[in-house]
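Here is a brief report on one protein chain. Please look at the model first.

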Amino acid sequence: VLGGEGLRGELRDAGLRLVGEEEGRQERAPVRAVLVGYDDQFTFAKLSEACAYLRDPQCLLVATDPDPWHPLSDGQRTPGTGSLTAAVETASGRKAMVVGKPNTYMFECIVERFGVDPSRMLMVGDRLETDILFGKNCGLDTVLTLTGVSRLEEAQAYMASDSPAAKDLVPHYYVDSIADLIPGLDE
């Protein structure tokens with residue numbers, strides 16, 4: 001797992017065994033997947049180890065999301081999971097399967113597990129290329145909040161485009177802040 005303790009903990013809670021945590025086991029089980037998530041401790045050694053596992057064609061390459069960068073509170077950016085995934089893809093010659101946004105797999109799991117009605121759901125997010133596209137892919141109405149990654153001008157440019165793919169990145173609604181949605185929750 002290339003990822004932080006939060007991701008590792010979720011995998012442990014789901015009953016998965018992680019490389020390096022096989023205490024007391026005489027024989028090491030084969031690695032069945034390399035999972036790439038956000039990892040602020042990403043190193044060349046981790047990249048090399050992931051590539052070694054991926055030499056086995058039966059070993060899956062899975063990524064949590066394609067976000068190339070994440071904003072920091074001071075206006076700077078830090079590389080995101082998509083950047084780390086690109087490094088693993090390039091070094092291994094393999095293509096990752098993205099299971100998070102904008103892929104619908106996560107949404108299908110939520111609907112099945114919790115029995116929610118998609119027609120009563122709203123996708124709220126700050127990134128057009130993942131959050132809003134996820135909502136469109138899942139048939140949900142979408143709201144872009146302007147306090148994060150994407151800007152209104154980007155959405156307007158996509159709306160003016162002749163490309164059908166660009167139209168999928170246009171939200172149904174936008175708000176300056178997620179706080180703008182709170183009054184509507186009482187209705």
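The report below covers the fold, the surface and the largest pocket.

## Basis

This is a predicted model, in which local features need pLDDT of at least 70, side-chain atom pairs count only at pLDDT 80 or more, and totals for chains, interfaces and linings use all residues. Residues are numbered from 1 along each chain as its sequence is written, and side-chain values use heavy atoms, leaving out hydrogens and water.

## Fold

The chain has seven helices and eight strands. These are DSSP runs: helices are H or I with at least four residues, strands are E with at least two, numbered from the N terminus. The C-alpha atoms fill a box of roughly 60 × 35 × 35 Å along the principal axes.

Consider contacts (heavy atoms within 4.5 Å). Among those with a separation of 6 or more, 59% join residues 24 or more positions apart.

## Burial and surface

The chain has 187 residues, and 33% of them are buried. Buried means under 20% relative accessible area, with a 1.4 Å probe and protein chains only.

## Largest pocket

The largest pocket has a volume of about 1,200 Å³. Its lining holds 38 residues; closest to the centre are Val1, Leu11, Leu16, Leu18 and Leu35. A pocket here is an open set of points on a 1 Å grid where a 1.4 Å probe fits, with protein on both sides within 12 Å along at least five of seven lines; lining residues have an atom within 4 Å of a point. The volume is the space filled by probe spheres set on the points, which are joined across faces, edges and corners.

Which element gives the largest share of the lining? That is α4, with six residues.

Methods. Buried means under 20% relative accessible area, exposed over 50%, partly exposed in between (1.4 Å probe, protein chains only).
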